[in-house]
Amino acid sequence: MASTGRLVSASIMATALTAFGACRSAAPAAPPQPPAPPPAVSAPAERPVAPAIRWARDSAEHRAVYLQVYRAATAYVEAAAAKHPDGGWAVVLDADETVIDNSPYELERDRLGKPFDPASWHAWTQRREAVPLPGAAAFLARVHELGGRIAIVTNRAVSECPDTEAVFRAHALPFDVMLCKPDGGPSDKNPRFQAVAQGTTPAGLPPLEIVAYLGDNVQDFPGQSQAIRKQGDEAFSDFGVRFFALPNPMYGSWERN
């Protein structure tokens with residue numbers, strides 16, 4: 001009986017060892033895998049800047065043309081001043097894209113894919129972030145050195161005039177009178193040109209002979225409009241003499257013709 005018990009015990013022990021060995025040899029369960037990341041989404045391509053704005057902001061040609069025009073205007077004014085040793089003369093200039101640069105505003109609107117609108121423009125003028133264009137400051141300083149007066153005739157609204165004057169003063173851009181467009185009024189500059197010539201501006205200046213006009217829009221020159229382009233080269237005889245046009249491919253009256 002003892003031997004039989006030993007055989008049973010041995011059998012139980014063998015079975016237990018076999019089961020233990022089977023447990024030891026089984027592969028451990030694999031850890032759970034994290035969920036696959038979602039497929040990458042490409043960021044939208046940045047909106048390309050309009051070529052006209054890039055040219056106005058980044059090209060060497062833009063700077064060259066502004067310096068060239070202002071040098072030519074300076075030479076003309078120096079000759080005109082010699083004929084007016086006692087003063088009594090003036091130059092008339094537009095403001096935007098003639099004396100000060102608003103291309104940052106144009107760039108902002110372009111990147112948003114939005115056009116000009118009066119509200120965003122008014123907000124821009126309040127920021128007072130426009131800066132002088134090449135050659136402008138030196139030309140204005142020279143006019144005053146020669147005894148001339150400076151009239152800025154701009155189609156910024158009267159409500160925007162204080163901020164515009166502040167920009168000019170911040171950058172030491174001299175002027176004697178700034179004539180803005182009446183809020184909601186006509187954009188025709190001819191009556192304001194006449195006020196400078198006749199001595200009826202709010203600044204109380206005397207009648208002045210206007211020897212030169214500078215602007216980036218054909219309507220910055222007395223009696224001119226886009227219609228001149230159909231009149232032949234002889235219609236442009238004052239340009240380069242007493243009319244000095246500066247380039248602005250970003251906007252202008254040409255867009256409406």
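A cavity is a set of grid points where a 1.4 Å probe fits but cannot get out, and its lining residues have an atom within 4 Å of a point. The model examined here is a predicted one. A search of the whole structure finds one cavity of 30 Å³ or more, and the volume of the largest cavity is about 50 Å³.

Which residues line the largest cavity? The lining consists of Trp 55, Ala 56, His 62, Tyr 66, Glu 97, Asp 101, Ser 103, Leu 133, Pro 247, Asn 248, Pro 249 and Met 250. Helix H2 (51-58) and helix H3 (60-82) each contribute at least two residues to this lining. By class, the lining of the largest cavity comprises seven nonpolar, three polar and two charged residues.

The largest pocket holds about 970 Å³ of space. Its lining is made up of 31 residues, and those nearest its centre are Phe 116, Trp 121, Asn 155, Tyr 251 and Arg 256. At least two lining residues come from each of helix H4 (103-112), helix H5 (118-127) and strand E4 (149-157). The lining of the largest pocket divides into ten nonpolar, seven polar and 14 charged residues.

The second largest pocket contains about 190 Å³ of space. It is lined by 15 residues, of which Asp 216, Asn 217, Val 218, Gln 226 and Ala 245 are the closest to its centre. In this second lining, eight residues are nonpolar, five are polar and two are charged.

## Packing of H3 and H6

How do the axes of H3 and helix H6 (residues 136-145) lie, and at what angle do the two helices pack? The angle is about 5°, and the axes are 10 Å apart. H3 is therefore roughly parallel to H6, because angles under 35 degrees count as roughly parallel.

On the H3 side, the contact is formed by Tyr 70, Ala 73, Thr 74, Val 77 and Glu 78, which meet Ala 136, Phe 139, Arg 142 and Val 143 in H6. The residues of this contact comprise six nonpolar, one polar and two charged.

## The open sheet

Five strands make up an open sheet, with parallel pairing and the order E5-E4-E1-E6-E7. Strand E5 (177-181) and strand E7 (243-245) are the edge strands, each pairing on one side only. From one strand to the next, the twist averages 20°. Strands of a sheet pair through backbone hydrogen bonds, either parallel or antiparallel.

Strand E6 (residues 209-215) is joined to E7 by three bridges, and these two strands run parallel. Leu 214 stands opposite Phe 244 in E7.

## Helix H6 and the sheet strands

H6, which packs against H3, also lies across strand E1 (89-93), E4 and E6. The direction of H6 is at about 165° to E1.

Conventions:
Residues are numbered from 1 along each chain as its sequence is written. This is a predicted model: local features need pLDDT of at least 70, side-chain atom pairs count only at pLDDT 80 or more; totals for chains, interfaces and linings use all residues. Side-chain values use heavy atoms; hydrogens and water are left out. On a 1 Å grid over the protein atoms alone, a cavity is a set of points where a 1.4 Å probe fits but cannot get out, and a pocket is an open set with protein on both sides within 12 Å along at least five of seven lines; lining residues have an atom within 4 Å of a point. Grid points are joined across faces, edges and corners, and a volume is the space filled by probe spheres set on the points. Helices (H or I, at least four residues) and strands (E, at least two) are DSSP runs, numbered from the N terminus. Ala, Val, Leu, Ile, Met, Phe, Trp, Tyr, Cys and Pro count as nonpolar, Asp, Glu, Lys and Arg as charged, and the others, Gly among them, as polar. Axes are lines fitted to C-alpha atoms, for helices over the stretch in contact, and angles run from 0 to 180 degrees between N-to-C directions. Angles under 35 degrees count as roughly parallel, over 145 as roughly antiparallel, 65 to 115 as roughly perpendicular and the rest as oblique. Contact means heavy atoms within 4.5 Å. Two strands pair if DSSP finds at least two bridges between them.
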